[in-house]
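Please keep the sequence and the model in view while reading.

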Amino acid sequence: MSQNKLEVYSELHANTQTARKHFDPGDELKKLRNIKTYNKTHKMALLVPFRNCTNELKEFAPHMMKFLNNQRIPHTIYVINQVDDLRFNRATLVNIGFIESHPDCDYIAIHDVDLLPLNPKLNYSFPSEGPFHVSSPDLHPLYHYSEFTGGILLMTRKHYEKVNGMSNKFWGWGSEDDELALRILHFGFKIRRPLGLKTGVWNTFRHIHETVRRPRDKIRFFHQNKKKVDGRTDGRTPTMNHAS
């Protein structure tokens, strides 16, 4: 796949070295190497868009390695670090991670660095039936509107390519996940969510974002918070439009 297909901005770089040097997985990495009962049919790329969240990453990386090891999920964690001075562009970082993880992994998990799964029954396995929203609005500790698809979303490489990735037009915080959901629905896929869990918004996940130190960049330009995907039916990639 060409980078042009996902409209990756050249000024954003998949530089994971800065993030990696701040944590040592230690014993968790040893456990990963010792596990011999993995399902080797599929492998997940855990894509973590990142900027200035070192404390969260120190906790996130070993937690996720342990959590996924317990589920016997073969995986590689990709920390995609935005190193420029532009506003944060989460979607572009995810697109870069998707490209960088090819062809090693056949499905992805778009994962916030500040959201830790607690319930061991949260399923991170290959989403063969379509996109799977792990952090559904009835389980996420903060966001409960029905269209919410942020936090943690699993997709196969085939499906992510089909919807042409995420839009790079969203700078700052929010809305890029909602637009991805519109792309998914536009192509006829159903977004599935966890069922039958006995935990709720208080104990399914733990949110560790340091809001006081890093407030959200919520400024909107060009009606970013009012988006839609055009209704093409010719099989071509949908183009994001903004409602007036």
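## Sheet and cores

In β6, I108 finds its bridge partner in M155, strands being DSSP runs (E, at least two residues) and helices DSSP runs (H or I, at least four), both numbered from the N terminus. The model is predicted, so that local features need pLDDT of at least 70 and side-chain atom pairs count only at pLDDT 80 or more, while totals for chains, interfaces and linings use all residues. Residues are numbered from 1 along each chain as its sequence is written, and side-chain values use heavy atoms, with hydrogens and water left out.

Strands β3 and β6 run antiparallel and are joined by five bridges, where pairing requires that DSSP finds at least two bridges between two strands. Both belong to an open sheet of five strands with mixed pairing, in the order β2-β1-β3-β6-β5. Because β2 and β5 (132–133) stand at the edges with a single partner strand each, one side of each has no neighbour in the sheet.

The largest nonpolar core has 29 residues, and M44, L46, F60, L68, L122, Y124 and V134 touch the most other members; such a core is a set of buried Ala, Val, Leu, Ile, Met, Phe, Trp, Tyr and Cys residues joined through side-chain atoms within 4.5 Å, buried meaning under 20% relative accessible area with a 1.4 Å probe, protein chains only.

The largest share, six residues, comes from α3.

Note on methods
Buried < 20%, exposed > 50% of the residue type's maximum accessible area, 1.4 Å probe, protein only.
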